[in-house]
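Have the viewer open as you read.

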Amino acid sequence: MSKTVPVSFGDRFLWAYDVSFGILILEAIDGAAGMSQPEGVGEVLESLRAHAQVGASWTLALDDDRWSPPQRDFVHRMIAEAGRRLRERGILTRTEAETRYVAGNEPFALRFEEYVDGAVVADLAEAMNHLIHDDLPPVPDAGHHWFYGVEGGPLTM
């Protein structure tokens with residue numbers, strides 16, 4: 001079972017650790033209720049919830065052509081805001097994370113992680129923003145891509 005989720009925008013992509021990715025997306029969905037929302041946001045949130053649940057089985061396209069421009073902007077804002085909240089929150093114990101983040105009526109699968117570092121997940125949110133704006137740093141090795149959402153990251157794969 002893969003631990004990586006591809007996240008794309010246009011013809012560019014990065015890899016995300018599936019645990020960090022899922023936490024980020026679930027936090028973004030939780031925070032969406034407090035934001036002004038474009039028309040048709042329910043379908044967008046359901047799509048994101050499915051991405052969190054299946055992880056590595058799908059690429060999250062941050063420019064999904066099924067989303068209208070306002071919906072895309074909303075997703076980008078949701079993810080950025082979720083990253084800010086997670087950075088502020090800091091470390092969550094496994095129990096705290098399993099209580100807070102639920103996917104498909106079950107605690108989100110944290111693999112063998114004993115805690116979730118909000119700063120690491122926030123770094124993933126920032127990397128997604130850099131991907132959208134085409135300002136990720138160059139990858140040091142040809143044929144590799146950035147891997148975010150891991151302690152000591154980013155790494156390359």
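## Fold layout

Reading from the N terminus, the elements come in the order β-β-α-α-β-α-β-α-β-β-β-α-β-β. That makes five helices and nine strands. Keep in mind that this is a predicted model.

How compact is the chain? Its radius of gyration is 15 Å, close to the 15 Å that the globule rule gives for 157 residues, so the chain is as compact as a globular protein of that length. The C-alpha trace spans about 40 × 40 × 30 Å along its principal axes. As for contacts between residues at least 6 apart in sequence, 64% of them join residues at least 24 apart.

## Surface and charge

Some 45% of the 157 residues count as buried. The chain exposes about 8,100 Å², with carbon and sulfur atoms supplying 52% of that area.

On the charge side, you get 13 positive and 25 negative side chains, and the centres of these two sets sit 2 Å apart.

## The core

The largest nonpolar core takes in 48 residues. Leu-14, Ile-23, Leu-24, Leu-48, Leu-62, Met-78 and Ile-79 have the most contacts inside it. At least two core residues come from each of β1 (4-9), β2 (12-17), α1 (18-32), α2 (41-54), α3 (69-89), α5 (118-132) and β8 (146-148). The largest share, nine residues, is from α1.

Which residues does Ile-23 touch, leaving aside its neighbours within four places in sequence? Ile-23 is in contact with Leu-86, Tyr-101, Phe-108, Leu-110, Val-116 and Val-121. In soluble globular proteins, nonpolar side chains tend to be buried together.

Terms used:
Residues numbered from 1 in each chain as written. Predicted model: local features only at pLDDT ≥ 70, side-chain atom pairs only at ≥ 80, totals over all residues. Heavy atoms only, no water. Helix = DSSP H or I, 4+ residues; strand = E, 2+ residues; numbered from the N terminus. Rg over C-alpha atoms; globule rule 2.2 N^0.38 Å. Buried < 20%, exposed > 50% of the residue type's maximum accessible area, 1.4 Å probe, protein only. Contact = heavy atoms within 4.5 Å. Areas by Shrake-Rupley, 256 points an atom, 1.4 Å probe, with all protein chains shown as cover. Lys, Arg positive; Asp, Glu negative; His and termini not counted. Charge placed at Lys NZ, Arg CZ, Asp CG, Glu CD. Core = buried A, V, L, I, M, F, W, Y, C linked by side-chain atoms within 4.5 Å.
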